Amino acid sequence: MSDPVTALNGATFNAGIASVAEVPLQGMITLRGDLSAAAIQKAATVTIPGDMPTAGRARIEGENGVAWMSPDEALVLCPYADVSAVLEKMQKTLGNSRALAVDVSDARASFRISGPHAREVLAKLCPVDLSPAVFTSGMFRRTRMAQVPAAIWLSDTDCLQVISFRSQAQYVFDLLVVAAQPGSSVDLY
Amino acid sequence: MLILTCPVCGVTAEETEFHGGGEAHLKRHGPGSSDENFEEYLFMRENPRGVHFERWRHVYGCGKWFHAARCTTTLEVFGTYPAQTYEPPKDLLAKISKKRPGWAWRDLA
Ligand SMILES: [Zn+2]
């Protein structure tokens, strides 16, 4: 067996207006099914018991969490090493429900953008109002980052996290580095 | 640039987060239809100056299809509504009539 590694081996960039860092391997499970059904909601929240987040929202604590992706899709987060155990638990919870749960951990890359200008870096790349008054904690936004899809959320006041496709990891990292280059702050927020 | 609101997930964003899907409310004529109907279904499209109805997909967001009513000259978006319908909602038609008196589009007015 080979050792699992992230797409960019933990690449970082700290010389700009915000720090960009590739996040270590994160367990991710895509759950498809009718999110209004009780069994599906229970399976979706298996790593973070509580309510299923409403449209455009997520509940994420550390490596565990659940995000609303669309009316029939949720993203379940868990530690990378726990994916098969969590999947098994989800399958049990789902029973005969019409649903699909698949490990997508190795299909994704994640990045953390931190620092007082973190919002600005992403605002340069996404058609999203990232002002502190509008983009708040608990929101989970699927959007476009330059030419590729991405999902973003606020993991802390000054820290945003991004998920992209693994095959686009280098492109996304390069985008973030350019958007964070020294002297490029707009001081909008 | 168009500012669209996805009726599925509620996100409002500019058009680059979406993808246009052509004219709305086309009737699909398939096997067994007349040549005229099939030709109409394949090729005949409205190209109005003013009120227009289209299909859009929230391609970078929730991924779902929906409908939009907009003005092709001013790019004003009158409203968006779910994909699972054969016609625009009555209140949207009333809103358009108020803003563009005398408008017509196919057999809507
Ligand atoms: Zn949407």
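Chain B has a radius of gyration of 14 Å, which agrees with the value near 13 Å that a compact globule of 109 residues would have. The model is predicted. Along the principal axes, the C-alpha atoms of chain B fill a box of roughly 40 × 35 × 25 Å.

**Chain B as a whole**

- Two helices and six strands make up the secondary structure elements of chain B.
- The order of these elements along the sequence of chain B is β-β-β-α-β-β-β-α.
- Of the 109 residues in chain B, 24% are buried.
- When contacts in chain B between residues at least 6 apart in sequence are considered, 49% of them join residues at least 24 apart.

**Contacts between the chains**

- On the side of chain B, 13 residues are in contact with 11 residues of chain A.
- The residues on that side of chain B comprise six nonpolar, four polar and three charged.

**The sheet of chain B**

- Chain B contains an open sheet of four strands, in the order S3-S4-S5-S6, and the pairing is antiparallel.
- Strand S3 (19-23) and strand S6 (77-82) of chain B are the edge strands, each pairing on one side only.
- From one strand to the next, the twist of this sheet averages 30°.
- In chain B, S3(B) and strand S4 (residues 51-57) run antiparallel and are joined by three bridges.
- Within this pair, B:Glu23 stands opposite B:Glu54, a residue of S4(B).
- Helix H2 (residues 90-99) of chain B packs on the sheet and touches S4, strand S5 (65-71) and S6 of chain B.
- The direction of that helix makes about 170° with the direction of S6(B).

**The five-stranded sheet of chain A**

- In chain A, five strands form an open sheet with the order S4-S5-S6-S3-S7 and antiparallel pairing.
- Its edge strands, each of which pairs on one side only, are strand S4 (58-61) and strand S7 (100-103) of chain A.
- The twist of this sheet averages 20° from one strand to the next.
- Strand S3 (residues 26-32) and strand S6 (residues 73-79) of chain A run antiparallel, with seven bridges between them.
- In this pairing, A:Leu31 has A:Ala74 of S6(A) opposite.
- Helix H2 (residues 83-94) of chain A packs on the sheet, where it touches S3, S6 and S7 of chain A.
- The angle between the direction of this helix and that of S3(A) is about 20°.

- Strands of a sheet pair through backbone hydrogen bonds, in either a parallel or an antiparallel manner.
- Strand S9 (residues 140-145) and strand S10 (residues 148-156) of chain A run antiparallel and are joined by six bridges.
- A:Arg144 stands opposite A:Pro149, which belongs to S10(A).
- The hairpin of S9(A) and S10(A) has two residues between the strands, and in it A:Ala146 takes a positive phi near 50°.
- S10(A) is also joined by five bridges to strand S11 (residues 159-165) of chain A, and the two run antiparallel.
- Opposite A:Trp153 stands A:Gln161 of S11(A).
- A hairpin is formed by S10(A) and S11(A), with two residues between them.

- The largest nonpolar core has 74 residues.
- The residues with the most contacts inside this core are A:Ala74, A:Val76, A:Ile113, A:Leu122 and A:Leu176.
- Residues up to four places away in sequence aside, A:Val76 touches A:Ile29, A:Leu31, A:Ala44, A:Val46, A:Thr47, A:Val66 and A:Val86.
- A:Val86 lies in helix H2 of chain A.
- A:Val86 counts as buried because 21 other C-beta atoms lie within 10 Å, where 20 or more are required.
- Leaving out residues up to four places away in sequence, A:Val86 touches A:Gly27, A:Ile29, A:Val46, A:Thr47, A:Val76 and A:Cys78.
- From C-alpha to C-alpha, A:Val86 and A:Gly27 are 9.6 Å apart in space, although 59 residues apart in sequence.

Terms used. Residues numbered from 1 in each chain as written. Chains lettered and ligands numbered in written order. Predicted model: local features only at pLDDT ≥ 70, side-chain atom pairs only at ≥ 80, totals over all residues. Contact = placed C-beta atoms within 7 Å. Nonpolar A, V, L, I, M, F, W, Y, C, P; charged D, E, K, R; others polar. Rg over C-alpha atoms; globule rule 2.2 N^0.38 Å. Buried ≥ 20, exposed ≤ 12 C-beta atoms within 10 Å, placed from the backbone. Pairing = 2+ DSSP bridges. Axes fitted to C-alpha atoms, helices over the stretch in contact; angles between N-to-C directions. Core = buried A, V, L, I, M, F, W, Y, C linked by C-beta atoms within 7 Å.
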